[in-house]
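Please read the briefing below alongside the sequence and the coordinates.

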Amino acid sequence: LPHVPGHELAGIVEAVGKDVRRWKAGDRVTLPFVCGCGQCPQCVSGNHQVCDSQFQPGFTHWGSFAEYVAVDYADLNVVKLPEEIDFVTAASLGCRFVTSFRAIVDQGKVAAGQWVAVHGCGGVGLSAIMIASAAGAQVVAVDIAEDKLAFATTIGAAATVNARDGGDVVERIVELTGGGAHLSIDALGSPS
């Protein structure tokens, strides 16, 4: 302390520094969860999320619960926000949707017709379900809460498994998918 948390944010640019070229006061913007410098080997390779000089509002710098948030390397990290996307929706994109997109599309290389098992139906898991479904995959949502599983079906899950029901989750996924998932995402981080 003192520190102000909040790693998901969107808002209106209040002021810009002397080196900022792409943004002006009044612009509607958001940004990713991990911001890069744009110059280190990781950034140059397109992996800003593991930047040697990364900053993360809410963790390494004051975050979105502050009245104002300073954004380093703004020309690289700030993203224009269209009028039709509200600030609450936009704030969810920089962490949970980008994390899920990278896992499903960039790392998992999901293809239409494949099966994806998503373990955990919180923010990241629900985002993964939407992204995998939008990519044409069939999704099995796994959670311990029936309300979350019911919601998962409304956003693209083709099947659900309640891990609390006592059955073998793996066997159930194999049965539902006709042989097993092509990609499995841990969006929970719990050994059980």
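This is a predicted model: local features need pLDDT of at least 70, side-chain atom pairs count only at pLDDT 80 or more; totals for chains, interfaces and linings use all residues.

Residues are numbered from 1 along each chain as its sequence is written, and side-chain values use heavy atoms, with hydrogens and water left out.

**Aspartate 143**

- Aspartate 143 lies in strand β5, residues 138–143, strands being DSSP runs of E with at least two residues, numbered from the N terminus.
- Aspartate 143 is buried and has no salt bridge, the nearest side chain of opposite charge being that of lysine 148 at 4.7 Å; buried means under 20% relative accessible area and exposed over 50%, with partly exposed in between (1.4 Å probe, protein chains only).
- The side chain of aspartate 143 does reach backbone nitrogens, with a polar atom 2.7 Å from that of cysteine 121 and an approach of 3.0 Å to that of alanine 145.

**Salt bridges**

- The count comes to six salt bridges, each defined as a side-chain nitrogen of Lys or Arg within 4 Å of a carboxyl oxygen of Asp or Glu.
- Aspartate 19 and lysine 18, both exposed, form one of them at 3.4 Å, N to O.
- Aspartate 27 pairs with lysine 24 at 2.9 Å between the closest N and O atoms; aspartate 27 counts as buried because its relative accessibility is 13%, whereas lysine 24 is exposed at 52%.
- Arginine 28 and glutamate 83 form a salt bridge with their closest N and O atoms 3.9 Å apart, linking distant parts of the chain, 55 residues apart.

Key: Helices (H or I, at least four residues) and strands (E, at least two) are DSSP runs, numbered from the N terminus. Lys and Arg count as positive and Asp and Glu as negative; His and the chain ends are not counted. A polar contact is a pair of N or O atoms within 3.5 Å; within protein, one must be able to donate a hydrogen and the other to accept it, and residues adjacent in sequence count only if both atoms are side-chain atoms.
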